[in-house]
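Please keep the structure in view while reading.

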Amino acid sequence: MAAKNQQTQKPKKRKQISSAKIDWDSSKSKKPKLLASNPSKVPSNKPLKKPFKLPKQKQEHPNHSKFKKLESGNENKELTKRELRFQAKELAEARKKRRKPHYTLEQELASLWEKMRRRNIAKEDRSKLITEALQKMKGKIPEITGSHVSSRVLQTCVKYCSQTERDAVFAELRPHLLTLACNTYAVHLMKKMLDTVSKTQLAGVISSLRGHVSSLLRHMVGSVVIEHAYQLGNATQKQELLTELYSTELQLFKDLVSIKESRLIDVISKLGLQKSSVLRHMSSVIQPILEKGIVDHSMIHKVLIEYLSIADQSSAADLIQQLSGPLLVRMIHTRYGSKIGMFCVKHGSAKERKKIIKGMKGHIIKIAHDQCGCMVLICIVSMVDDTKLITKIVIRELQTTLKELVLDKSGRRLLLQLLHPNCSHYLNPDDLASLNLSVPSLSAKSESEVKSEKISRDEESSKEAARSDPDVTTTESGKSDTSPEDLYLAEGGKKDPGLRRRELLVGSGLAENLVDVCIENAGELLTSNFGKDVIFEVAMGGSDDILHPSLDEKLNNLHEAIAALAAKPKSEESEEEHVLENFHSSRTLRKLVLHCPAFASTLWKKSLEGKCQLWAQGHSSKIVCAFWESVDSQVRKMAKEELQLLIDGGILKFPETKQLANEG
């Protein structure tokens, strides 16, 4: 009975709902009409047996989201593009306000910054704007310093504000220095603050870095701050930062070492530290830095030099092997970095030297123009035997900008090293000493080995080595005044130094191009403070007459080009100074007359014969006198008759000692 009741109630219930549904749909929806119009699918005698699906109610309901989307689409079509952009901008602004707590303040500071950073603004107006900006930031400076916009505003404020305002900013930032030092944007403000702080404040900053030096050096951003502080500090402050990297004892007790013990070896001997423990600590500091590639800072270069001074043979060799390559290019711009580069060239294997030279590809010109970097190139051309590789990478790249190289203070030194090796006139004592430095553990050689190698060398090569290194002097007994290590280092590669020079200078075509540059720009080079040395060495034919056998014709053309400049008539109206009266060129021509008889003969015949009285005054008189003082008898004989008349007439005057020497 219960089942029967359920069966009888079911169609009734379905009847009520379906009928109600059809009535509602018939008034408001078109879909049921379309379904009802199909007689094949919906029979007319069974209109109530169609299955009822609740999900269709959502699709057919007029308040469904589909209709909402259509309505919103219609509204968007009515809005213009400008209004849509404005609406999107407002939405973005709202999101930024929720995400950034100081967004409104940053917008206000940005508007003030646009005014205060102008160049044509008055100082009073800028001061007012800066004061207003600092008032808005007061108490919130550490929080907003990490922002891209606020950091720029603070940098401008610190640059132009008064000392009182600057001290207030520093006092607010002081407790947060370590945090800000590692922030990408705050680091620029930190550098600006360090540039403007007083000595007392700088000492406070450096003391606050104590205990965190190694961790900051391992950080890509923090290393910039600590390097800046290192550069600004005095010798004592620099030592305080460095000693922390040597040992844990020195990290805890900074007063153990004074400024007198600047070298790590002296520190170890004074405090009685174990060298092995110091090496382990320094290795733990250095290795993470090298793995991250943070090698640009001079502080790290100093630490590496100290490490190599106490390292054993295997540790030093591993470090040199790790540095040999493209990583070295980023280090050689500093004094200590340049020394590390020379160590790698001297003590590296042929494979490591090849890596170093290949790593410099594309950077040779920049390195050659750098004061410290050029010394590494000088070391390479003086010691590396693979002249084909040097020609392919170094020489070919230098030949593209040869004129600029000749006129550059540092760039010319590489060319002068090839023309006249190890000349004290072109390389100062520190540079010559750096070429003879070595890593103690890698250059230790017994005296017997050094003596045997010295005896095995022929007499000619020993003379060339003595000429190339003026610091190595040989006594009558045949012993050198320098230590065995220095002798071993001075030898460089296995190839004969003269042969290596000839292959690099003449065989590569560099000398021929260099002579052509000197011929084309003779006047400019002679009157240049730096170019005059190169044109003098080229006109002389280089040390040991290295250019003469193969380039005699071109050298004669250079002599004639210089003589043609000197033969130009003297004109007071001309703005350009005559080559015989210029300070630099007159002294260069005097040296050429004294040391190069071929040039002296060309100059006399083309420029000065019969005109000595015209050039007997001023700077040009030094050139005229050089003919009388020349060591070559043919040069003196050629000019004696004309010069004697000028001397007798009192027009040309010599020091008495020189005149007596010539008469004798």
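In this predicted model, a salt bridge joins the side chains of Asp266 and Arg263, with an N to O distance of 3.3 Å. Asp266 is partly exposed, its relative accessible area being 25%. Arg263 also has an intermediate value: at 47% relative accessibility it counts as partly exposed, because the exposed class begins only over 50%.

The salt bridges come to 15 in total. One of them pairs Glu108 with Lys136, whose closest N and O atoms are 3.3 Å apart. This pair connects distant parts of the chain, since Glu108 belongs to helix 6 (residues 103-116) and Lys136 to helix 7 (residues 123-137), 28 residues apart. Glu108 is partly exposed at 31% relative accessibility, and Lys136 is partly exposed as well, with a relative accessible area of 29%.

Another salt bridge brings together the side chains of Asp516 and Lys554, at 2.9 Å from N to O. Asp516 is located in helix 35 (residues 510-520) and Lys554 in helix 38 (residues 548-566), so this contact ties together parts of the chain that are 38 residues apart in sequence. For Asp516 the relative accessible area is 24%, which makes it partly exposed; Lys554 is likewise partly exposed, with a value of 24%. Elsewhere, salt bridges with shared partners connect Arg412, Lys532 and Asp533 in one network.

Lys238 is placed over the face of Tyr230, at 5.4 Å from the ring centre. Arg335 is placed over the face of Tyr336, at 4.7 Å from the ring centre.

Attention may now turn to a loop position. His363 is found in the loop between helix 23 (350-359) and helix 24 (364-369). With 38% relative accessibility, His363 counts as partly exposed. Apart from its neighbours within four places in sequence, His363 is in contact with Val329 and Glu397. Val329 is 34 residues away from His363 along the chain, and the C-alpha atoms of the two are separated by 8.1 Å.

The interior remains to be described. In soluble globular proteins, nonpolar side chains tend to be buried together. Here the largest nonpolar core comprises 171 residues, of which Met137, Met360 and Phe627 touch the most other members. Helix 25 (residues 373-383) supplies the largest share of this core, 9 residues.

Which residues are in contact with Phe627, leaving aside its neighbours within four places in sequence? They are Val593, Ala600, Leu603, Trp604, Leu608, Val635, Arg636, Ala639 and Leu643. Phe627 has a relative accessibility of 0% and therefore counts as buried.

The structure contains 1 aromatic pair. Its members are Trp604 and Phe627, in a tilted arrangement with 5.2 Å centre to centre and 55° between the planes. The pair links distant parts of the chain: Trp604 lies in helix 40 (residues 597-608) and Phe627 in helix 41 (residues 620-629), 23 residues apart. Trp604 has a relative accessible area of 2% and is therefore buried, as is Phe627 at 0%.

How values were computed: Residues numbered from 1 in each chain as written. Predicted model: local features only at pLDDT ≥ 70, side-chain atom pairs only at ≥ 80, totals over all residues. Heavy atoms only, no water. Core = buried A, V, L, I, M, F, W, Y, C linked by side-chain atoms within 4.5 Å. Buried < 20%, exposed > 50% of the residue type's maximum accessible area, 1.4 Å probe, protein only. Helix = DSSP H or I, 4+ residues; strand = E, 2+ residues; numbered from the N terminus. Contact = heavy atoms within 4.5 Å. Phe/Tyr/Trp six-rings, centres within 6.5 Å; stacked < 30°, edge-to-face > 60°. Lys NZ or Arg CZ within 6 Å of the ring centre and 35° of its normal. Salt bridge = Lys/Arg side-chain N within 4 Å of Asp/Glu carboxyl O.
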